Amino acid sequence: MNIAQNLKLIKSTLPEQVTLVAVSKTKPVNALMEAYNSGQRVFGENKVQEMVEKYELMPKDVEWHMIGHLQRNKVKYMASFVNLIHGVDNFKLLKEINKQAKKHNRIIDCLFQIKIAKEDSKFGMSTNEVSKILSSQEFLELKNIKVTGVMGMATFTSDKVQIKQEFDSLKTTFDNLKPLETFNFKPQTISMGMSGDYKLAIACGSNMIRVGSSIFGSRNYSV
Ligand SMILES: *Cc1c(COP(=O)(O)O)cnc(C)c1O
């Protein structure tokens with residue numbers, strides 16, 4: 001199977017409202033180009049420097065999503081072009097994104113990362129923390145960001161029952177936050193599901209899936 005075939009196969013199973021983010025981290029530009037040439041335009045990376053390098057080499061109609069854990073001091077390198085930042089897990093980071101977006105006269109779309117996994121290693125906020133942010137005066141001052149939804153990562157386990165519970169909890173969080181809509185909080189996206197669990201995620205209400213290895217093959221971190 002090649003990349004174009006993998007993409008075609010996955011896309012043929014996706015409901016219309018689901019956006020496929022092709023997670024291309026660690027993969028070379030020629031692999032991304034293969035996906036691009038078969039029509040894929042949305043790519044996800046988890047390291048800022050790698051995303052910037054690929055941005056410079058790829059056609060300019062690519063939509064770049066930052067899906068990884070993000071440090072505040074790295075935001076400036078991608079503020080001119082990033083389309084969606086999935087992993088916003090604290091207010092200071094959101095403020096920094098707003099500041100850098102303003103410099104470029106842009107509005108940057110973001111998702112709040114919600115902690116749904118029981119594993120300690122996963123990042124994210126609670127529904128409560130997010131509601132607090134959304135109802136604060138400080139949030140309303142951020143005119144250069146728009147929070148368009150939530151993102152979550154399930155526990156790394158083969159226990160489908162547990163994964164389903166975690167996905168359900170993200171959908172519930174989304175539904176609970178929805179009434180808090182403001183000019184800069186326009187909830188529409190639920191980013192959940194990866195290669196191993198995207199079908200379950202969609203069944204639980206996901207409308208944005210982040211798929212890497214099922215498109216590009218397994219990753220080798222040692223090279
Ligand atoms: C790597 C990664 C993915 C894709 O994982 P696959 O199992 O290869 O599909 C999705 N989301 C995040 C946040 C990732 O870091």
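Hi everyone. When I say polar contact today, I mean a pair of N or O atoms within 3.5 Å. Please keep in mind that what we have here is a predicted model.

Let's start with the ligand. R219 puts a polar side-chain atom 2.7 Å from a ligand oxygen, which falls within that 3.5 Å cut-off. S195 also reaches an oxygen atom of the ligand through a polar side-chain atom, in this case at 2.5 Å. With S213, the backbone takes part: one of its N or O atoms lies 2.8 Å from an oxygen of the ligand.

How much of the ligand's accessible area does the protein cover? On its own the ligand has 390 Å², and the protein covers 90% of that. As for where the ligand sits, that is the largest pocket.

Searching the whole structure turns up two aromatic pairs. One of them is F43 with W64, a tilted pair with 6.0 Å between centres and 35° between the planes. What does this pair tie together? F43 belongs to strand 2, residues 42–45, and W64 to strand 3, residues 63–66, so the pair links parts that are 21 residues apart in sequence.

Note on methods. Residues are numbered from 1 along each chain as its sequence is written. This is a predicted model: local features need pLDDT of at least 70, side-chain atom pairs count only at pLDDT 80 or more; totals for chains, interfaces and linings use all residues. Side-chain values use heavy atoms; hydrogens and water are left out. A polar contact is a pair of N or O atoms within 3.5 Å; within protein, one must be able to donate a hydrogen and the other to accept it, and residues adjacent in sequence count only if both atoms are side-chain atoms. Accessible areas come from the Shrake-Rupley method with a 1.4 Å probe; for residues, only the protein chains shown count as cover. On a 1 Å grid over the protein atoms alone, a cavity is a set of points where a 1.4 Å probe fits but cannot get out, and a pocket is an open set with protein on both sides within 12 Å along at least five of seven lines; lining residues have an atom within 4 Å of a point. A molecule sits in a cavity or pocket if more than half of its atoms lie within 2 Å of its grid points. Rings of Phe, Tyr and Trp (its six-membered ring) pair if their centres lie within 6.5 Å; planes under 30 degrees apart count as stacked, over 60 as edge-to-face and the rest as tilted. Helices (H or I, at least four residues) and strands (E, at least two) are DSSP runs, numbered from the N terminus.
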